[in-house]
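Here are some notes to go with the model, as promised.

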Amino acid sequence: MTTLEEAKNKLQEKGFLDVETPKDINYVEEINRLRKEKNAVILAHYYQEDAIQDIADFVGDSLALAQKAATTNADVIVFAGVHFMAETAKILNPTKKVLLPDLKAGCSLADSCPPADFEAFKKQHPNHLVVSYVNTSAEIKALTDIVCTSSNAEKIINSIPKEQPIIFAPDRNLGAWLIKKTGRDMLLWDGACMVHEAFSIDKILNLYAENPGAEIIAHPESEAHLLKVAKYVGSTSGLLNYVKTSKAKTFIVATEVGILHKMRQESPDKILIPAPVEDDSCNCSECFYMKMNTMKKLYLCLKHELPNVDVDPELSKKALVSIERMLELSK
(Lines give C-alpha, C1' and ligand atoms only; values in the text may rest on other atoms or scores of the structure.)
Protein backbone atom coordinates (compact mmCIF):
# COMPACT_ATOMS: atom_id res chain seq x y z
CA MET A 1 0.00 0.00 0.00
CA THR A 2 1.20 3.50 -0.85
CA THR A 3 2.09 5.49 2.26
CA LEU A 4 1.13 9.14 2.62
CA GLU A 5 4.78 10.21 2.24
CA GLU A 6 5.12 8.22 -1.00
CA ALA A 7 1.86 9.72 -2.26
CA LYS A 8 3.11 13.24 -1.46
CA ASN A 9 6.34 12.57 -3.37
CA LYS A 10 4.34 11.42 -6.40
CA LEU A 11 1.79 14.25 -6.21
CA GLN A 12 3.10 16.24 -9.19
CA GLU A 13 3.39 13.09 -11.29
CA LYS A 14 -0.06 11.69 -10.42
CA GLY A 15 -1.93 14.95 -9.80
CA PHE A 16 -3.68 13.67 -6.68
CA LEU A 17 -2.94 11.87 -3.39
CA ASP A 18 -2.99 8.22 -4.37
CA VAL A 19 -3.57 6.56 -0.98
CA GLU A 20 -6.13 3.99 0.13
CA THR A 21 -9.06 4.95 2.33
CA PRO A 22 -10.93 2.57 4.70
CA LYS A 23 -13.36 0.28 2.86
CA ASP A 24 -16.27 1.30 5.08
CA ILE A 25 -15.60 5.06 4.89
CA ASN A 26 -18.62 7.36 4.52
CA TYR A 27 -17.24 10.15 2.35
CA VAL A 28 -20.22 12.45 2.93
CA GLU A 29 -19.87 12.27 6.74
CA GLU A 30 -16.09 12.65 6.63
CA ILE A 31 -16.13 15.59 4.21
CA ASN A 32 -18.80 17.33 6.31
CA ARG A 33 -16.73 16.81 9.48
CA LEU A 34 -13.51 18.11 7.89
CA ARG A 35 -15.28 21.07 6.32
CA LYS A 36 -16.46 22.30 9.73
CA GLU A 37 -13.16 21.50 11.44
CA LYS A 38 -11.08 23.47 8.89
CA ASN A 39 -13.58 26.26 8.10
CA ALA A 40 -13.49 25.14 4.47
CA VAL A 41 -15.90 25.91 1.65
CA ILE A 42 -16.49 23.51 -1.25
CA LEU A 43 -17.21 25.25 -4.55
CA ALA A 44 -18.32 23.00 -7.42
CA HIS A 45 -19.08 23.50 -11.10
CA TYR A 46 -22.28 22.13 -12.68
CA TYR A 47 -20.15 19.68 -14.70
CA GLN A 48 -18.90 17.79 -11.63
CA GLU A 49 -20.20 14.31 -10.81
CA ASP A 50 -23.59 14.25 -9.04
CA ALA A 51 -22.27 13.34 -5.56
CA ILE A 52 -19.82 16.27 -5.58
CA GLN A 53 -22.55 18.70 -6.66
CA ASP A 54 -24.76 17.41 -3.85
CA ILE A 55 -22.14 17.89 -1.10
CA ALA A 56 -20.83 21.29 -2.30
CA ASP A 57 -21.59 24.47 -0.35
CA PHE A 58 -22.18 26.20 -3.66
CA VAL A 59 -22.69 24.95 -7.23
CA GLY A 60 -22.49 27.41 -10.09
CA ASP A 61 -21.15 28.43 -13.47
CA SER A 62 -17.78 30.17 -13.93
CA LEU A 63 -19.11 33.67 -13.15
CA ALA A 64 -21.03 32.66 -10.02
CA LEU A 65 -18.07 30.61 -8.78
CA ALA A 66 -15.67 33.54 -9.27
CA GLN A 67 -18.09 35.84 -7.44
CA LYS A 68 -18.42 33.34 -4.58
CA ALA A 69 -14.64 32.87 -4.36
CA ALA A 70 -14.20 36.66 -4.17
CA THR A 71 -16.48 36.99 -1.14
CA THR A 72 -15.95 33.81 0.91
CA ASN A 73 -15.01 33.99 4.62
CA ALA A 74 -13.64 30.44 4.61
CA ASP A 75 -9.98 29.78 5.46
CA VAL A 76 -9.74 26.97 2.92
CA ILE A 77 -11.34 26.86 -0.55
CA VAL A 78 -11.79 23.42 -2.09
CA PHE A 79 -12.46 23.91 -5.78
CA ALA A 80 -14.26 20.98 -7.36
CA GLY A 81 -13.73 22.07 -10.93
CA VAL A 82 -10.74 22.41 -13.24
CA HIS A 83 -7.35 24.02 -12.80
CA PHE A 84 -8.09 27.50 -14.22
CA MET A 85 -11.04 27.83 -11.79
CA ALA A 86 -8.91 27.03 -8.73
CA GLU A 87 -6.22 29.37 -10.08
CA THR A 88 -8.81 32.18 -10.39
CA ALA A 89 -9.93 31.54 -6.80
CA LYS A 90 -6.29 31.76 -5.63
CA ILE A 91 -5.74 35.03 -7.53
CA LEU A 92 -8.81 36.46 -5.76
CA ASN A 93 -7.67 35.04 -2.38
CA PRO A 94 -3.86 35.14 -2.29
CA THR A 95 -3.67 34.58 1.49
CA LYS A 96 -6.05 31.60 1.57
CA LYS A 97 -5.33 27.96 0.87
CA VAL A 98 -6.95 26.81 -2.38
CA LEU A 99 -7.21 23.06 -2.96
CA LEU A 100 -7.97 21.14 -6.16
CA PRO A 101 -8.76 17.40 -5.82
CA ASP A 102 -6.77 16.57 -8.98
CA LEU A 103 -4.10 18.94 -10.35
CA LYS A 104 -4.38 17.32 -13.77
CA ALA A 105 -8.01 18.40 -14.16
CA GLY A 106 -7.26 20.82 -16.98
CA CYS A 107 -9.28 22.36 -19.82
CA SER A 108 -9.00 21.76 -23.58
CA LEU A 109 -10.12 25.34 -24.25
CA ALA A 110 -7.49 26.85 -21.92
CA ASP A 111 -4.87 24.56 -23.52
CA SER A 112 -5.79 25.92 -26.97
CA CYS A 113 -4.29 29.31 -26.00
CA PRO A 114 -0.56 28.94 -25.15
CA PRO A 115 0.71 32.11 -23.41
CA ALA A 116 3.82 32.63 -25.61
CA ASP A 117 1.79 32.34 -28.83
CA PHE A 118 -0.93 34.61 -27.51
CA GLU A 119 1.56 37.24 -26.35
CA ALA A 120 3.07 37.31 -29.85
CA PHE A 121 -0.43 37.60 -31.38
CA LYS A 122 -1.29 40.47 -29.02
CA LYS A 123 1.93 42.32 -29.98
CA GLN A 124 0.87 42.18 -33.65
CA HIS A 125 -2.30 44.12 -32.75
CA PRO A 126 -1.14 46.73 -30.18
CA ASN A 127 -4.20 48.97 -30.51
CA HIS A 128 -6.63 46.16 -29.59
CA LEU A 129 -8.21 45.73 -26.17
CA VAL A 130 -8.10 42.08 -25.03
CA VAL A 131 -11.22 40.36 -23.71
CA SER A 132 -10.50 36.79 -22.60
CA TYR A 133 -12.88 34.09 -21.54
CA VAL A 134 -12.38 32.90 -17.96
CA ASN A 135 -11.37 29.46 -19.36
CA THR A 136 -7.72 30.52 -19.58
CA SER A 137 -4.52 30.26 -17.57
CA ALA A 138 -3.32 32.95 -15.17
CA GLU A 139 -0.68 33.90 -17.79
CA ILE A 140 -3.42 34.70 -20.34
CA LYS A 141 -5.44 36.63 -17.74
CA ALA A 142 -2.30 38.71 -17.07
CA LEU A 143 -2.22 39.60 -20.80
CA THR A 144 -5.94 40.46 -20.75
CA ASP A 145 -7.75 43.77 -20.18
CA ILE A 146 -11.12 42.30 -19.15
CA VAL A 147 -12.04 38.69 -18.38
CA CYS A 148 -15.54 37.47 -19.22
CA THR A 149 -17.71 34.37 -18.85
CA SER A 150 -20.51 33.19 -21.12
CA SER A 151 -22.97 34.73 -18.59
CA ASN A 152 -21.62 38.27 -18.93
CA ALA A 153 -19.67 38.30 -22.24
CA GLU A 154 -22.33 40.20 -24.20
CA LYS A 155 -22.65 42.83 -21.46
CA ILE A 156 -18.86 43.26 -21.29
CA ILE A 157 -18.45 43.60 -25.09
CA ASN A 158 -21.27 46.18 -25.15
CA SER A 159 -19.56 48.17 -22.36
CA ILE A 160 -16.51 48.81 -24.58
CA PRO A 161 -16.61 51.95 -26.81
CA LYS A 162 -17.62 51.05 -30.38
CA GLU A 163 -14.51 52.56 -31.92
CA GLN A 164 -12.20 50.40 -29.75
CA PRO A 165 -10.87 47.32 -31.65
CA ILE A 166 -11.12 44.07 -29.66
CA ILE A 167 -9.24 40.78 -29.54
CA PHE A 168 -11.47 38.01 -28.17
CA ALA A 169 -9.83 34.83 -26.88
CA PRO A 170 -9.70 31.88 -26.76
CA ASP A 171 -13.07 30.45 -27.91
CA ARG A 172 -13.78 31.11 -31.59
CA ASN A 173 -17.36 29.79 -31.32
CA LEU A 174 -18.32 32.02 -28.41
CA GLY A 175 -16.51 34.90 -30.16
CA ALA A 176 -18.44 34.38 -33.41
CA TRP A 177 -21.72 34.22 -31.48
CA LEU A 178 -20.82 37.49 -29.70
CA ILE A 179 -20.02 39.19 -33.03
CA LYS A 180 -23.51 38.20 -34.20
CA LYS A 181 -25.17 39.36 -30.95
CA THR A 182 -23.30 42.66 -30.54
CA GLY A 183 -22.48 43.62 -34.14
CA ARG A 184 -18.83 44.15 -33.14
CA ASP A 185 -16.11 43.12 -35.58
CA MET A 186 -13.74 41.36 -33.18
CA LEU A 187 -10.45 39.63 -33.92
CA LEU A 188 -10.82 36.02 -32.73
CA TRP A 189 -8.20 33.67 -31.34
CA ASP A 190 -8.59 30.20 -32.88
CA GLY A 191 -9.40 28.07 -29.82
CA ALA A 192 -12.26 25.72 -28.92
CA CYS A 193 -13.65 23.33 -26.31
CA MET A 194 -13.49 19.69 -27.43
CA VAL A 195 -16.77 18.84 -25.63
CA HIS A 196 -18.82 21.56 -27.31
CA GLU A 197 -17.38 20.78 -30.74
CA ALA A 198 -18.28 17.07 -30.47
CA PHE A 199 -22.04 17.43 -30.99
CA SER A 200 -23.55 16.05 -34.21
CA ILE A 201 -25.94 18.46 -35.91
CA ASP A 202 -27.42 15.64 -38.05
CA LYS A 203 -28.14 13.44 -35.02
CA ILE A 204 -29.58 16.39 -33.11
CA LEU A 205 -31.94 17.22 -36.00
CA ASN A 206 -32.98 13.54 -36.26
CA LEU A 207 -33.68 13.55 -32.54
CA TYR A 208 -35.67 16.76 -32.95
CA ALA A 209 -37.73 15.14 -35.75
CA GLU A 210 -38.55 12.28 -33.36
CA ASN A 211 -39.49 14.79 -30.62
CA PRO A 212 -41.19 17.65 -32.53
CA GLY A 213 -42.36 19.38 -29.34
CA ALA A 214 -38.82 19.57 -27.98
CA GLU A 215 -36.67 22.69 -27.79
CA ILE A 216 -32.98 22.57 -28.67
CA ILE A 217 -30.93 24.59 -26.19
CA ALA A 218 -27.18 25.12 -26.49
CA HIS A 219 -24.12 26.67 -24.87
CA PRO A 220 -22.45 29.38 -27.05
CA GLU A 221 -19.19 27.39 -27.10
CA SER A 222 -20.99 25.09 -29.58
CA GLU A 223 -20.45 25.43 -33.33
CA ALA A 224 -22.39 28.01 -35.35
CA HIS A 225 -24.57 25.53 -37.27
CA LEU A 226 -25.87 24.14 -33.96
CA LEU A 227 -26.47 27.60 -32.48
CA LYS A 228 -28.48 28.47 -35.60
CA VAL A 229 -31.05 25.72 -34.90
CA ALA A 230 -31.18 26.25 -31.12
CA LYS A 231 -34.31 27.80 -29.65
CA TYR A 232 -32.19 29.24 -26.83
CA VAL A 233 -28.43 29.89 -26.56
CA GLY A 234 -26.97 30.75 -23.18
CA SER A 235 -24.48 30.15 -20.38
CA THR A 236 -24.73 27.14 -18.08
CA SER A 237 -26.85 29.08 -15.57
CA GLY A 238 -28.83 30.58 -18.45
CA LEU A 239 -29.72 27.10 -19.73
CA LEU A 240 -30.83 26.06 -16.23
CA ASN A 241 -33.11 29.08 -15.88
CA TYR A 242 -34.51 28.66 -19.38
CA VAL A 243 -35.57 25.05 -18.72
CA LYS A 244 -37.21 26.18 -15.46
CA THR A 245 -39.24 29.00 -17.04
CA SER A 246 -40.00 27.63 -20.52
CA LYS A 247 -43.49 26.26 -21.22
CA ALA A 248 -41.94 23.46 -23.28
CA LYS A 249 -41.88 19.98 -21.73
CA THR A 250 -38.93 18.41 -23.58
CA PHE A 251 -35.42 19.77 -24.17
CA ILE A 252 -32.46 18.57 -26.22
CA VAL A 253 -29.53 19.93 -24.19
CA ALA A 254 -26.27 20.71 -26.06
CA THR A 255 -23.69 21.24 -23.35
CA GLU A 256 -21.67 19.10 -20.93
CA VAL A 257 -23.97 16.35 -19.65
CA GLY A 258 -23.22 17.10 -15.95
CA ILE A 259 -25.71 19.99 -16.08
CA LEU A 260 -28.60 17.52 -16.34
CA HIS A 261 -28.26 16.62 -12.63
CA LYS A 262 -29.09 20.15 -11.46
CA MET A 263 -31.69 20.58 -14.23
CA ARG A 264 -33.53 17.44 -13.04
CA GLN A 265 -33.43 18.68 -9.44
CA GLU A 266 -34.77 22.12 -10.37
CA SER A 267 -37.20 21.01 -13.11
CA PRO A 268 -38.35 17.46 -12.19
CA ASP A 269 -41.38 17.72 -14.48
CA LYS A 270 -39.28 18.32 -17.65
CA ILE A 271 -37.91 15.70 -20.05
CA LEU A 272 -34.20 16.28 -20.69
CA ILE A 273 -32.35 14.63 -23.59
CA PRO A 274 -28.56 15.03 -23.83
CA ALA A 275 -27.54 16.14 -27.33
CA PRO A 276 -25.87 13.26 -29.23
CA VAL A 277 -22.25 13.46 -30.35
CA GLU A 278 -20.60 12.51 -33.64
CA ASP A 279 -18.59 9.58 -32.27
CA ASP A 280 -20.78 6.78 -30.86
CA SER A 281 -17.77 5.10 -29.25
CA CYS A 282 -17.07 7.85 -26.69
CA ASN A 283 -18.75 9.80 -23.90
CA CYS A 284 -17.74 12.99 -25.71
CA SER A 285 -20.49 15.10 -24.15
CA GLU A 286 -18.71 14.55 -20.82
CA CYS A 287 -15.73 16.72 -19.96
CA PHE A 288 -13.03 14.18 -19.15
CA TYR A 289 -11.20 16.80 -17.06
CA MET A 290 -14.24 17.76 -14.95
CA LYS A 291 -14.88 14.10 -14.19
CA MET A 292 -11.31 13.55 -12.89
CA ASN A 293 -12.45 14.81 -9.48
CA THR A 294 -14.09 12.13 -7.31
CA MET A 295 -15.48 11.99 -3.78
CA LYS A 296 -12.38 10.05 -2.68
CA LYS A 297 -10.02 12.68 -4.11
CA LEU A 298 -12.15 15.45 -2.59
CA TYR A 299 -11.97 13.81 0.84
CA LEU A 300 -8.20 13.21 0.65
CA CYS A 301 -7.41 16.73 -0.53
CA LEU A 302 -9.50 18.24 2.28
CA LYS A 303 -8.00 15.90 4.90
CA HIS A 304 -4.34 16.46 3.92
CA GLU A 305 -4.77 19.94 2.35
CA LEU A 306 -3.10 18.73 -0.83
CA PRO A 307 -2.85 19.27 -3.74
CA ASN A 308 -2.95 23.04 -3.32
CA VAL A 309 -2.89 25.59 -6.11
CA ASP A 310 -0.41 28.47 -5.99
CA VAL A 311 0.09 31.37 -8.39
CA ASP A 312 3.27 33.45 -8.59
CA PRO A 313 2.52 36.70 -6.64
CA GLU A 314 3.62 39.04 -9.47
CA LEU A 315 1.63 37.10 -12.06
CA SER A 316 -1.33 37.02 -9.68
CA LYS A 317 -1.31 40.83 -9.30
CA LYS A 318 -1.36 41.31 -13.09
CA ALA A 319 -4.10 38.73 -13.64
CA LEU A 320 -6.22 40.16 -10.81
CA VAL A 321 -6.75 43.45 -12.70
CA SER A 322 -8.67 41.80 -15.57
CA ILE A 323 -10.71 39.60 -13.20
CA GLU A 324 -11.70 42.54 -10.98
CA ARG A 325 -12.79 44.51 -14.04
CA MET A 326 -15.11 41.63 -14.94
CA LEU A 327 -16.54 41.40 -11.41
CA GLU A 328 -17.12 45.17 -11.33
CA LEU A 329 -18.94 45.09 -14.69
CA SER A 330 -21.03 42.10 -13.58
CA LYS A 331 -22.60 43.80 -10.55
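1. One cut-off first: a residue counts as buried when its relative accessible area is under 20%. Cys287 comes out at 13% relative accessibility, so it goes in the buried class. Keep in mind that this is a predicted model.

2. Why look at the cysteines at all? The UniProt record, an unreviewed entry, puts the feature "binding site" at Cys107, Cys193 and Cys287. These residues span 181 residues in sequence, yet no two of their C-alpha atoms are more than 9.4 Å apart, so they gather at one spot. Cys107, Cys193 and Cys287 also belong to the lining of the largest cavity.

3. Where does Cys193 sit? Look in the loop between strand E8 (187-188) and helix H12 (201-210). With 10% relative accessibility, Cys193 is classed as buried, because the cut-off is under 20%. If you skip the neighbours within four places in sequence, Cys193 is in contact with Ser108, Leu109, Asp171 and Glu221.

4. Back to Cys287, which is also in a loop, this one running between strand E12 (271-274) and helix H16 (295-304). Leaving out residues up to four places away in sequence, Cys287 touches Val195 and Glu256.

5. Now for strand E1 (residues 40-45). Buried or exposed? For E1, 6 of the 6 residues are buried, so the strand is largely enclosed by the rest of the structure. In a regular strand, side chains alternate between the two faces of the sheet. You can follow that here: Ala40, Ile42 and Ala44 point one way from E1, while Val41, Leu43 and His45 point the other way, and all are buried.

6. Which strands does E1 pair with? One of them is strand E3 (residues 76-80), in the parallel sense and over 5 bridges.

7. Last, the connection. Going from E1 to E2, the chain passes through helix H4 (residues 50-55), and this β-α-β crossover is right-handed.

Methods
Residues are numbered from 1 along each chain as its sequence is written. This is a predicted model: local features need pLDDT of at least 70, side-chain atom pairs count only at pLDDT 80 or more; totals for chains, interfaces and linings use all residues. Side-chain values use heavy atoms; hydrogens and water are left out. UniProt positions are given in the numbering used here, feature names are shortened, and annotations may be inferred rather than shown by experiment. On a 1 Å grid over the protein atoms alone, a cavity is a set of points where a 1.4 Å probe fits but cannot get out, and a pocket is an open set with protein on both sides within 12 Å along at least five of seven lines; lining residues have an atom within 4 Å of a point. Helices (H or I, at least four residues) and strands (E, at least two) are DSSP runs, numbered from the N terminus. Buried means under 20% relative accessible area, exposed over 50%, partly exposed in between (1.4 Å probe, protein chains only). Contact means heavy atoms within 4.5 Å. Two strands pair if DSSP finds at least two bridges between them. A crossover is right-handed if, with the strands pointing away from the viewer, the path from the first strand over the helix to the second runs clockwise.
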